[in-house]
Amino acid sequence: MSTPSLTALPIRRLTPRDLESCAGLSEDRGWPREEHKWSLLLTAGTGYGIDDPDGGLVSACVVTEYGPRDCPDLAAVGMVLVAERHARKGVGRRLMRHVIAEVGATPLTLHATSAGRPLYEELGFKAVGQAEMVRGHFRPGGSPPAVRTRRATAEDLPAILRLDGEVFGPDRTHMITRLPAFADQLRVAEEGGEIVGYAAAWPNMATHVVGPLIARDTETAKALVTSLAASTDRPLRTDIDVRHEELLAWIKERGVEQQGLNSVMTYGIPDLPGDWTRRFAPLTVAAG
């Protein structure tokens, strides 16, 4: 019996039960399995995939919507993957066109590698910025941070959500409220009893990913990174908006090195909402 054409295979919604298949698809493309991250994305967002008749997935991606449930303000697209044996056959294009049709009028954003950017540009996405991925063992040094940080408590959640709304723009309560369980650390920066920044460090294979990183200014961002690094022996990884040149220079001086650049892209809006001056790093590039 012949294998059905890729164009004939249906696109379906993925669920948390597809975690192993999604992780296997990541591994197939030479990525880490990232099961912890996949679990978050499949529960907080909407996965789309194409089943391979021979087992596993032909392709997958996840869309995370923010704002009102019935009329989202923004949706982030991430983890767009096509199995190596089905690559360069138009599968990724077909899946992305399906996503664009599914979200309707909701604006989209994504982080694109240099390899993926031409496809997204063909589909109508525009590059609006860049994020620099850095990774390495953080070496403390210099003067101690002047900004006070501490471990976040349950009582801090309303203030964290208010700050996140100011900085990110669209409401992402359904994602931020998952951080205490998802992350190994969640810390806040405080001044005069007011929370002026917050950041999380969550486990991803051999690293701790710093994200989100929301801060009043660069000094506050430095204090949060320093406090997170003090409680882990793992390398840190994060994706910093390249406009935050001072933070990037500072973190590289402490042993965290550049790993690559991704293009930040939008579809349906000229730029990302919110306040980029206080938005230093996303929770994950897959979800904004």
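Guide: A term to start with: buried means under 20% relative accessible area, exposed over 50%, and partly exposed in between, with a 1.4 Å probe and protein chains only. This is a predicted model, where local features need pLDDT of at least 70, side-chain atom pairs count only at pLDDT 80 or more, and totals for chains, interfaces and linings use all residues. Residues are numbered from 1 along each chain as its sequence is written, and side-chain values use heavy atoms, with hydrogens and water left out.

Visitor: Ok. Is phenylalanine 168 buried or exposed?

Guide: Phenylalanine 168 is buried, at a relative accessible area of 8%.

Visitor: How many aromatic pairs turn up in the whole structure?

Guide: The search finds 5 aromatic pairs. Rings of Phe, Tyr and Trp (its six-membered ring) pair if their centres lie within 6.5 Å; planes under 30 degrees apart count as stacked, over 60 as edge-to-face and the rest as tilted. One of the pairs is tyrosine 66 with phenylalanine 168, which is edge-to-face at 5.2 Å centre to centre and 75° between the planes.

Visitor: What does that pair tie together?

Guide: Tyrosine 66 is in strand S3 (residues 57-66) and phenylalanine 168 is in helix H5 (residues 157-168), so the pair ties together parts 102 residues apart in sequence. Helices (H or I, at least four residues) and strands (E, at least two) are DSSP runs, numbered from the N terminus. Tyrosine 66 is buried too, with 0% relative accessible area.

Visitor: Why is the pair of phenylalanine 182 and tryptophan 202 tilted?

Guide: Because the planes of phenylalanine 182 and tryptophan 202 are at 40°, the pair counts as tilted; the ring centres are 5.0 Å apart. Phenylalanine 182 belongs to helix H7 (residues 179-182) and tryptophan 202 to strand S9 (residues 194-204), 20 residues apart, so the pair links distant parts of the chain. Phenylalanine 182 is buried at 6% relative accessibility, and tryptophan 202 is buried at 1%.

Visitor: Which residue has its charged end over the ring of phenylalanine 168?

Guide: That is arginine 172, 3.9 Å from the ring centre. A charge sits over a ring if NZ of Lys or CZ of Arg is within 6 Å of the ring centre and within 35 degrees of the ring normal. Arginine 243 lies over the face of tryptophan 276, 4.1 Å from the ring centre.

Visitor: New topic. How many disulfides are there?

Guide: The structure holds 0 disulfides. A disulfide is a pair of cysteine sulfur atoms within 2.5 Å.

Visitor: What about strand S5, why is it largely enclosed?

Guide: Strand S5 (residues 108-112) has 4 of its 5 residues buried, so the rest of the structure largely encloses it.

Visitor: Which strands does S5 pair with?

Guide: S5 pairs with strand S4 (residues 74-82) in the parallel sense over 2 bridges, and with strand S12 (residues 257-267) in the antiparallel sense over 5 bridges. Two strands pair if DSSP finds at least two bridges between them. Alanine 76 has threonine 109 in S5 as its bridge partner, and leucine 110 stands opposite methionine 265 in S12.
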